Amino acid sequence: MKLFSNVSRVGVCAVGLMLLAAPVSAAEFSEWDANADARLTSEEFRTNFEEVGIFNAWDENDDLGLTESEFETGLGDDATAFNTRFGDKAFDEWDVNDDNRLSNDEFYDGVYASYDSDGDKIIEEPEFGDIGDDIGDGGFWDV
């Protein structure tokens, strides 16, 4: 009986470790839509997107701004996929005050607007499908 007990503990530990090591799954619309109104506002989007941690991970010198170099370094091997989705001028377009760096607001507002394909200032579930593909293991928003 003691052998079975020890084997069970090892099995439980192994399953727990596998869950911890599992890749981050793609984002789910219902998890981001806090008020369940089938629309993501910029506030709902930002709250959830900040949890992914991209901006802070890419801000190498922790000055609360992304230079183009930090941005490109953050994209790394995913630059082609990013440019296919957003275009190769996204950094310049998102830098609304033209200071050659993206503030938190410029970054999150730029990302949000880029996923809002119909420009209505709301991300609906069909538009969110792209976000779900881009976040998590294998997506370019994976940190």
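## Helix α8

Helix α8 covers residues 104–115, and at 1.5 Å a residue its twelve residues should span 16 Å; the C-alpha atoms at its ends lie 17 Å apart, which agrees. The expected span here is 1.5 Å times one less than the number of residues in the helix. Helices (H or I, at least four residues) and strands (E, at least two) are DSSP runs, numbered from the N terminus.

Before going further, a word on the model: it is predicted, so local features need pLDDT of at least 70 and side-chain atom pairs count only at pLDDT 80 or more, while totals for chains, interfaces and linings use all residues. Residues are numbered from 1 along each chain as its sequence is written, and side-chain values use heavy atoms, with hydrogens and water left out.

Which residues of α8 are buried? They are Glu106, Phe107, Tyr108, Gly110, Val111, Tyr112 and Tyr115. Buried means under 20% relative accessible area, exposed means over 50%, and partly exposed is in between (1.4 Å probe, protein chains only).

## Where α3 meets α8

Helix α3 (residues 42–52) is a partner of α8: their axes come within 10 Å and cross at roughly 115°. Axes are lines fitted to C-alpha atoms, for helices over the stretch in contact, and angles run from 0 to 180 degrees between N-to-C directions. The two helices, α3 and α8, are therefore roughly perpendicular to each other. For that label, angles under 35 degrees count as roughly parallel, over 145 as roughly antiparallel, 65 to 115 as roughly perpendicular and the rest as oblique. The crossing of α3 and α8 is also right-handed; a crossing is right-handed if the near helix is turned clockwise from the far one by less than a right angle, and left-handed if anticlockwise.

Which residues make this contact? From α3 come Ser42, Phe45, Arg46, Phe49 and Glu50, and they meet Asn104, Asp105, Phe107, Tyr108, Val111, Tyr112 and Tyr115 in α8. Contact means heavy atoms within 4.5 Å. By type, the residues of the α3 and α8 contact are seven nonpolar, two polar and three charged. In this scheme Ala, Val, Leu, Ile, Met, Phe, Trp, Tyr, Cys and Pro count as nonpolar, Asp, Glu, Lys and Arg as charged, and the others, Gly among them, as polar.

## The whole chain

Stepping back, the protein has nine helices and two strands. Read from the N terminus, its elements run α-α-α-α-β-α-α-α-β-α-α. Of its 143 residues, 32% count as buried. Among contacts with a separation of 6 or more, 57% come from residues 24 or more positions apart.

## Two positive phi values

Most residues other than glycine have a negative phi. Aspartate 62 has a phi near 55°, a positive value in a residue other than glycine. Where does aspartate 62 lie? Its place is the loop between α4 (54–58) and β1 (65–67). Aspartate 62 is exposed, with a relative accessible area of 61%.

Asparagine 100 has a phi near 65°, again positive in a residue other than glycine. The loop between α7 and β2 (101–103) holds asparagine 100, and at 58% relative accessibility this asparagine counts as exposed.

## Pairs apart in sequence

Glutamate 93 is in helix α7 (residues 90–94) and counts as exposed at 54% relative accessibility. Its C-alpha atom is 9.4 Å from that of glutamate 106, 13 residues away in sequence. Glutamate 106 is one of the buried residues of α8. Asparagine 56, in helix α4, is exposed at 52% relative accessibility. Asparagine 56 and leucine 66 are ten residues apart in sequence, with 9.1 Å between their C-alpha atoms.

Serine 69 sits in helix α5 (residues 68–75) and, at 48% relative accessibility, counts as partly exposed. The C-alpha atoms of serine 69 and arginine 101, 32 residues apart along the chain, are separated by 9.4 Å.

## Glycine 139

Leaving aside residues up to four places away in sequence, glycine 139 touches Asp78, Asp133 and Asp134.
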